[in-house]
Amino acid sequence: MKGDRVEIVVDAGDTTRTYEVVASRAGRRVETAVRRGVVEVSEVTRSGSVVRTARFMATRVLALVEQPVPRDDETTD
């Protein structure tokens, strides 16, 4: 099953730009972190190694939307 998806809306001066970071393979997940004025969105494997990272200045980020992939729960009756 594939992991999560994160949308980042950034102020680009006279317009806004939307970026997406998607877990590209089964077992991967997307993690977000805000450190020292920088928003980092990383795709991470099961073992914890980072595959790719997108970095944005926190002052320019307008919205950060985390969207989990819908999962079929077999335990719900």
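Analyst: Let us begin with one pair of facing residues in this predicted model: Val41 stands opposite Ala54, a residue of strand E5.

User: Which residue stands opposite Arg55 in E5?

Analyst: Strand E4 covers residues 38-44 and pairs with E5 in the antiparallel sense, over seven bridges. One of the facing pairs places Val41 opposite Ala54, and another involves Arg55 of E5, whose opposite residue is Glu40.

User: How many bridges join E3 to E4, and how do these strands run?

Analyst: In general, strands of a sheet pair through backbone hydrogen bonds, and the pairing can be parallel or antiparallel. Here Arg35 has Val38 in E4 as its bridge partner. Strands E3 and E4 run antiparallel, and the number of bridges that join them is seven.

User: Which strands are the edge strands of the sheet?

Analyst: The open sheet consists of three strands in the order E3-E4-E5, with antiparallel pairing. An edge strand pairs on one side only, and this holds for the strand of residues 29-35 and the strand of residues 50-57, which are E3 and E5.

User: How many degrees does the twist average from one strand to the next?

Analyst: The sheet in question is the open one with the order E3-E4-E5. From one strand to the next, its twist averages 20 degrees.

User: Why is E4 described as largely enclosed by the rest of the structure?

Analyst: A residue counts as buried when its relative accessible area is under 20%. Strand E4 has seven residues, and it is largely enclosed by the rest of the structure because the number of them that are buried is six.

User: Which residue in the turn between E4 and E5 has a positive phi?

Analyst: Two hairpins can be described here, and in the one formed by E3 and E4, with two residues between the strands, Arg36 in the turn has a positive phi of about 50 degrees. The hairpin of E4 and E5 has five residues between its strands, and the turn residue with a positive phi, of about 100 degrees, is Gly48.

User: What percentage of the residues in the chain is buried?

Analyst: The chain has 77 residues, and the share of them that is buried, with under 20% relative accessible area as the cut-off, comes to 27%.

Technical notes: Residues are numbered from 1 along each chain as its sequence is written. This is a predicted model: local features need pLDDT of at least 70, side-chain atom pairs count only at pLDDT 80 or more; totals for chains, interfaces and linings use all residues. Side-chain values use heavy atoms; hydrogens and water are left out. Two strands pair if DSSP finds at least two bridges between them. Helices (H or I, at least four residues) and strands (E, at least two) are DSSP runs, numbered from the N terminus. Axes are lines fitted to C-alpha atoms, for helices over the stretch in contact, and angles run from 0 to 180 degrees between N-to-C directions. Buried means under 20% relative accessible area, exposed over 50%, partly exposed in between (1.4 Å probe, protein chains only).
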